[in-house]
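Me: I have a structure to go through. I want to know what each label on it rests on. Keep it short, please.

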Amino acid sequence: MRLMRTSEIAKRPVVTMAGEDVAQIKDIVYAADGGSVGGFTLAGRGLFSGPRKEGLAWESVAALGADAVMISDESALEPVGAVVDKSRGAASGAGDVLGSQVLTDDGVALGTVHDVVVSVGESAGSQCDVVGYEVESSENLGTQGELVLIPLPDTIAASGEHLMVPRSVKEFVSRDLAGFGAAVDTFRAQLNGPS
Amino acid sequence: MMFSAATGHKVVSSSDASTVGKVKGFVVDPASRSVVAIRLKKTDSGDTLRWSDLTAFGADAVTVTGADLIGEPDESVAALTDKDHKVLGKRVLTSAGDELGSVKDVDFDPDSGSVLALVLKDSADVAGSRLLGVGSYAVVVRAES
């Protein structure tokens with residue numbers, strides 16, 4: 001499992017196994033519940049190429065790596081409308097989440113969302129799960145103004161204005177991605193645990 | 001043998017012992033993971049020599065039965081000779097989407113033409129058996145699991 005910020009995924013080339021770069025990532029399309037990545041909208045390669053009519057559904061992605069999004073061949077692309085329909089609802093999800101205020105269920109504002117962190121499994125066919133947000137922290141975290149990572153439960157209530165998280169996330173704040181995977185696992189285990 | 005060491009080899013005709021060409025480059029077919037043709041400095045009859053037409057790729061020279069084997073690339077070879085299919089200097093991506101570096105040299109088997117390994121700049125060699133594709137953007141190799 002590896003973690004990455006979605007801002008780092010944008011502009012990444014989409015490359016076939018034959019070594020051709022057929023497009024690049026424009027935006028991330030979130031699944032309806034916002035808990036995973038449903039696919040991507042695409043732009044052409046090169047400085048002056050605009051958005052493409054094709055999109056890329058997550059099921060058609062062979063691998064999401066540090067330097068490229070791999071697909072088997074160009075047939076993995078499909079009309080962008082189909083990709084959005086499949087993930088239904090949240091085509092503008094990324095835009096909505098960024099800048100939203102993160103509130104704990106006991107009414108404490110932790111900060112505003114700066115970036116979204118996803119985890120990608122090593123095996124093909126595994127979900128691209130949204131596991132956390134990078135947040136510009138408020139004074140309530142004691143790190144005001146700094147960017148910190150907070151883990152998310154499997155599902156989350158979001159209005160476009162606020163995101164509700166359990167108050168216990170405060171114990172699992174990380175400074176960098178290195179230790180964040182463990183923080184997410186522990187946090188989720190605690191939420192799903194018997195207590 | 002490395003591409004770098006093999007480039008510049010003379011091509012000698014075994015029928016009259018004359019030099020009929022000089023090795024300039026290699027045409028690699030990613031599907032068979034092997035060298036399918038040799039590119040020569042331009043001669044009167046053409047610049048391409050099919051691997052299957054070689055008598056031997058020796059340590060010091062390439063031998064052929066005659067200069068008549070040198071010709072223009074046929075369709076299947078021509079499709080692999082443009083710069084989109086060049087291996088040397090190209091970035092290397094794994095099937096997991098991670099960049100490993102760029103290709104500095106290629107080690108090949110002079111008997112069979114098989115690609116034995118890609119020698120990368122600033123990174124460990126990649127076995128030829130991992131080669132998946134060669135395109136305009138990158139050489140794609142199977143990710144190590």
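Me: Which residue in β12(B) stands opposite B:V134?
Reply: B:V139 stands opposite B:V134. This is a predicted model, in which local features need pLDDT of at least 70, side-chain atom pairs count only at pLDDT 80 or more, and totals for chains, interfaces and linings use all residues. Residues are numbered from 1 along each chain as its sequence is written, while chains are lettered from A and ligands numbered from 1 in the order in which they are written.

Me: What makes β11(B) and β12(B) a pair?
Reply: Two strands pair if DSSP finds at least two bridges between them. β11(B) and β12(B) have 3 bridges, in the antiparallel sense. Therefore they count as paired. Strands themselves are DSSP runs of E, at least two residues long; helices are runs of H or I, at least four; both are numbered from the N terminus.

Me: How do you know which strands of chain B are on the side that touches chain A?
Reply: Contact means that C-beta atoms, placed from the backbone, lie within 7 Å. By that rule, 16 residues of chain B are in contact with 17 residues of chain A. β7 (91-94), β11 (131-134) and β12 (139-141) of chain B each supply at least two residues of that side of chain B. The largest share, 3 residues, comes from β11(B).

Me: What joins β6 of chain B to β1, and what joins β6 to β5?
Reply: 4 bridges join β1 (residues 10-13) to β6(B), and these strands run parallel. B:K10 stands opposite B:A61 there. 2 bridges join β5 (residues 56-57) to β6(B), which run antiparallel. In that pair, B:A56 stands opposite B:T63. β5(B) and β6(B) form a hairpin with 3 residues between them.

Me: Which residues of β6 are on the covered face, and which on the uncovered one?
Reply: B:V62 and B:V64 are on the covered face, B:A61 and B:T63 on the uncovered one. In a regular strand the side chains alternate between the two faces of the sheet.

Me: Why is chain A called as compact as a globular protein of its length?
Reply: The radius of gyration is taken over C-alpha atoms, and the globule rule is 2.2 Å times the number of residues to the power 0.38. For 195 residues the rule gives 16 Å; chain A has 17 Å, which is close, so the label holds.

Me: Why does chain B agree with a compact globule?
Reply: With 145 residues, such a globule would have a radius of gyration near 15 Å, and chain B has 15 Å, so the two agree. Its secondary structure comes to 2 helices and 12 strands.

Me: What makes a residue buried, and how many of chain B's 145 residues are?
Reply: Buried means 20 or more other C-beta atoms within 10 Å of its own; exposed means 12 or fewer; partly exposed lies in between; C-beta atoms are placed from the backbone. Buried residues make up 37% of chain B.

Me: How do you know how confident the predictor is in chain B?
Reply: pLDDT is the predictor's confidence in each residue, from 0 to 100. The mean for chain B is 94, and 99% of its residues reach 70 or more. The model scores ipTM 0.89 and pTM 0.87.

How values were computed
Contact = placed C-beta atoms within 7 Å.
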